[in-house]
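Thanks, everyone. Please look at the structure on the screen while I talk.

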Amino acid sequence: MVPIGPGGGAALRLLAGVANAGAVVEVGTGTGVSSLWLLRGMRPDGVLTSVDREAEHQRLARTPLTEAGIASNRFRLISGSALEVLPRLADGGYDLVFVDADKRDYPLFVEEAVRLLRPGGVLAFDNALWHDRVADPARRDEDTVAVREIGRSLLEDDRFVPALLPVGDGLLVAQLRT
């Protein structure tokens, strides 16, 4: 588990700010680094919902959030499989969905994001360059192929306006058309 770097984090903070995000879903809590970046860009009354299948990740993330002075009513940490938790979240209730989870599930997260996001909301995937493997056609492992395919599918999906930001390990962002 490698946390998002400063470049990717700053881009997330910017995206949350530009979206005037009051409600954000994060898939893959990790150690809470991306949670902090997102919360720092969100509205002061905004709430982050972060889902991770590892309860230990949730426990680890709570410490830096608390130490940073983030009020406990500004974040919800939910342990469980994102593909089981996300369907229980409100349709059209979110401004931004950030995914840093199992690469092979990325296509499923796109469909969940379409349902979760308000029109004009933003979807973002970390590791869009996948350690420079995505650009190498000789790389055919499942994770690399999945990341490559999500980039291609978002480019071809008329519901989104996508862009690849070359920060950190790559941030694939896409705005849901209104």
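I will go through a pocket, an aromatic pair, a helix and some salt bridges.

First, the ground rules. This is a predicted model, so local features need pLDDT of at least 70, side-chain atom pairs count only at pLDDT 80 or more, and totals for chains, interfaces and linings use all residues. Residues are numbered from 1 along each chain as its sequence is written, and side-chain values use heavy atoms, with hydrogens and water left out.

Now the pocket. How much space lies in the second largest pocket? About 160 Å³. The search runs on a 1 Å grid over the protein atoms alone; a pocket is an open set of points where a 1.4 Å probe fits, with protein on both sides within 12 Å along at least five of seven lines, and lining residues have an atom within 4 Å of a point. Points are joined across faces, edges and corners, and the volume is the space filled by probe spheres set on them.

Which elements supply at least two residues each to this lining? Helix H1 (6–18), strand S5 (117–126), strand S6 (160–165) and strand S7 (171–176) do. Helices (H or I, at least four residues) and strands (E, at least two) are DSSP runs, numbered from the N terminus. Among the lining residues are Leu14, Leu15, Val18, Val122, Pro162 and Gln175. The lining divides into 10 nonpolar residues, 2 polar and no charged. Here Ala, Val, Leu, Ile, Met, Phe, Trp, Tyr, Cys and Pro count as nonpolar, Asp, Glu, Lys and Arg as charged, and the others, Gly among them, as polar.

Next, aromatics. The count comes to 1 aromatic pair. The rings of Tyr106 and Phe125 have centres 4.5 Å apart and planes at 40°, so the pair is tilted. The rule takes rings of Phe, Tyr and Trp (its six-membered ring) with centres within 6.5 Å; planes under 30 degrees apart are stacked, over 60 edge-to-face, the rest tilted. Tyr106 lies in helix H5 (residues 106–116) and Phe125 in strand S5, so the pair ties together parts 19 residues apart in sequence. Tyr106 and Phe125 are buried. Buried means under 20% relative accessible area, exposed over 50%, partly exposed in between (1.4 Å probe, protein chains only).

Stay with H5. Its buried residues include Tyr106, Phe109, Val110 and Leu116. What do the buried residues of H5 pack against? Strand S1 (23–27), helix H4 (82–85), strand S4 (94–99), S5, helix H6 (142–156) and S6. Contact means heavy atoms within 4.5 Å.

Last, charges. The count comes to 13 salt bridges, each a side-chain nitrogen of Lys or Arg within 4 Å of a carboxyl oxygen of Asp or Glu. Glu56 and Arg59 meet in one (2.5 Å, N to O). Both lie in helix H3, 3 residues apart, about one turn. Glu56 counts as partly exposed at 40% relative accessibility, and Arg59 at 49%.

Asp100 bridges to Lys103, closest N and O atoms 3.4 Å apart. Lys103 counts as buried, at 6% relative accessibility. Asp143 forms a salt bridge with Arg104, at 3.0 Å between the closest N and O atoms. Asp143 lies in helix H6 and Arg104 in the loop between S4 and H5, so this pair ties together parts 39 residues apart in sequence. Arg104 counts as partly exposed, at 44% relative accessibility. Salt bridges that share partners join Asp102, Arg104, Glu142 and Asp143 into one network.
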